[in-house]
Amino acid sequence: MHIYTCEDGFENMMCCIYAAWEGALVSGHDNVRLVREPVEQVTFFDEYIHVDYDKDKFEKVVRSIRNKISTEAFYYVYYASLSAEEDALDSIYRFLVEGFKKGALVIYQYTVPAVSRIMEIRRNVGNEACHFKEFARFNSLDNKLYVCHLEPKNNVISIVGQHFADRMPSEYWLIIDDNRSIAVVHSKDEENYLRVLTEDEMNSLKRTEFMEDEYTKMWRTFFDAIAIKQRENYACQRNLFPIWMRKHTTEFMK
């Protein structure tokens, strides 16, 4: 078995797919597997092949998916690349094997295991992104910069960031993924971008979460005021808003 590995990230994963496909032309698709680094458990009899980013290969894969399958299939692949599932990269590859055979109709072939798996991963990423769009909370620093902390399981802050770029285009803000030490940075009336944060930057930014402004108390008061005590249902609340998502939510940080 030839196991192709790459660093995490959409661009790297597309290059890994390109390299694995070249290898599969010789050995067959069943004899290749794709894994994101770091590889947790190395097997003795398999050959591991690291793949680096290459702009030309990345663009070829993206162009092929869009032209030979469909734009919708490309978004399935992109969302799956953000997943924390261990088999996400290999699942994308298996989906593309089917996609290049069957074209745009592949996304409707739910009984094909490779298709059903990619849809499951895409749905999981999409649902988590929707949750954090709704439950992201910003702290204001001197009414000049707004900072939000999240700890998603999947790498969804780019999706969440685009949501707020459409709704807060004339504000300076940061959305920070505390798990991955990356942030979406948005300057007033400009495009947002991703930035990897250093350890010192993370330590400094973590303190912003405990800085309160005039709206913090107002929001907590509103949250308590609209609650109907006789209708409290903690089991339902935990189902709709799991406890692990609440860590950075203002109304639960009391």
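The model is predicted. Its chain has 254 residues, of which buried residues make up 43%. Nine helices and eight strands are assigned. The mean pLDDT is 92, and 100% of the residues reach 70 or more.

**Confidence**

- Helix α2 (residues 55–69) has the highest mean pLDDT among the elements of the chain, at 97.
- Helix α8 (residues 214–225) has the lowest, at 82.
- Where pLDDT is low, predicted coordinates should not be read in detail.

**Overall build**

- Along the principal axes, the C-alpha atoms fill a box of roughly 65 × 45 × 40 Å.
- The accessible surface of the chain is about 14900 Å², and 51% of this area belongs to carbon and sulfur atoms.
- Of the contacts between residues at least 6 apart in sequence, 66% join residues at least 24 apart.

**Nonpolar cores**

- The largest nonpolar core contains 38 residues, and M14, I92 and F95 have the most contacts inside it.
- Two or more residues of this core come from each of β1 (2–6), α1 (10–27), β2, α2, α3 (71–81), α4 (88–102) and α5 (113–135).
- Helix α1 gives the largest share of this core, with nine residues.
- Another core, of 21 residues, lies apart from the largest one and includes L82, F132, C148 and V184.

- Beyond its neighbours within four places in sequence, I92 is in contact with M13, M14, I17, V77, A80, S81 and I118.
- One of these partners, M14, is itself among the residues with the most contacts inside the largest core.
- S91 lies in helix α4.
- S91 counts as buried because its relative accessibility is 8%, and the cut-off for buried is under 20%.
- With neighbours within four places in sequence left aside, S91 is in contact with R117, I118 and I121.

**Aromatic pairs**

- The whole structure holds 16 aromatic pairs.
- Y53 and F58 form one that is tilted, with 6.2 Å from centre to centre and 50° between the planes.
- Y53 is partly exposed, at 43% relative accessibility, whereas F58 is buried, at 16%.
- Y78 and Y79 form an edge-to-face pair, because their planes stand at 80° and the cut-off for that class is over 60 degrees; their ring centres are 6.3 Å apart.
- Y78 is partly exposed, with a relative accessible area of 24%, while Y79 is buried, with 16%.

**Charge over rings**

- R246 lies over the face of F241, at 5.6 Å from the ring centre.
- The charged end of R246 also sits over the ring of F252, at 4.7 Å from its centre.

**Backbone exceptions**

- Most residues other than glycine have a negative phi, and most peptide bonds are trans.
- The peptide bond from E37 to P38 is cis, with omega near 0°.
- P38 is in the loop between β2 (32–36) and β3 (47–50).
- D142 has a positive phi, near 55°, and is located in the loop between β4 (138–141) and β5 (145–150).
- D142 counts as exposed because its relative accessibility is 68% and the cut-off for exposed is over 50%.
- D189 has a positive phi as well, near 60°, and its place is in the loop between β7 (182–186) and β8 (193–196).
- D189 is also exposed, at 54% relative accessibility.

Notes: Residues are numbered from 1 along each chain as its sequence is written. This is a predicted model: local features need pLDDT of at least 70, side-chain atom pairs count only at pLDDT 80 or more; totals for chains, interfaces and linings use all residues. Side-chain values use heavy atoms; hydrogens and water are left out. Rings of Phe, Tyr and Trp (its six-membered ring) pair if their centres lie within 6.5 Å; planes under 30 degrees apart count as stacked, over 60 as edge-to-face and the rest as tilted. Buried means under 20% relative accessible area, exposed over 50%, partly exposed in between (1.4 Å probe, protein chains only). A charge sits over a ring if NZ of Lys or CZ of Arg is within 6 Å of the ring centre and within 35 degrees of the ring normal. Helices (H or I, at least four residues) and strands (E, at least two) are DSSP runs, numbered from the N terminus. pLDDT is the predictor's confidence in each residue, from 0 to 100. A nonpolar core is a set of buried Ala, Val, Leu, Ile, Met, Phe, Trp, Tyr and Cys residues joined through side-chain atoms within 4.5 Å. Contact means heavy atoms within 4.5 Å. Accessible areas come from the Shrake-Rupley method with a 1.4 Å probe; for residues, only the protein chains shown count as cover.
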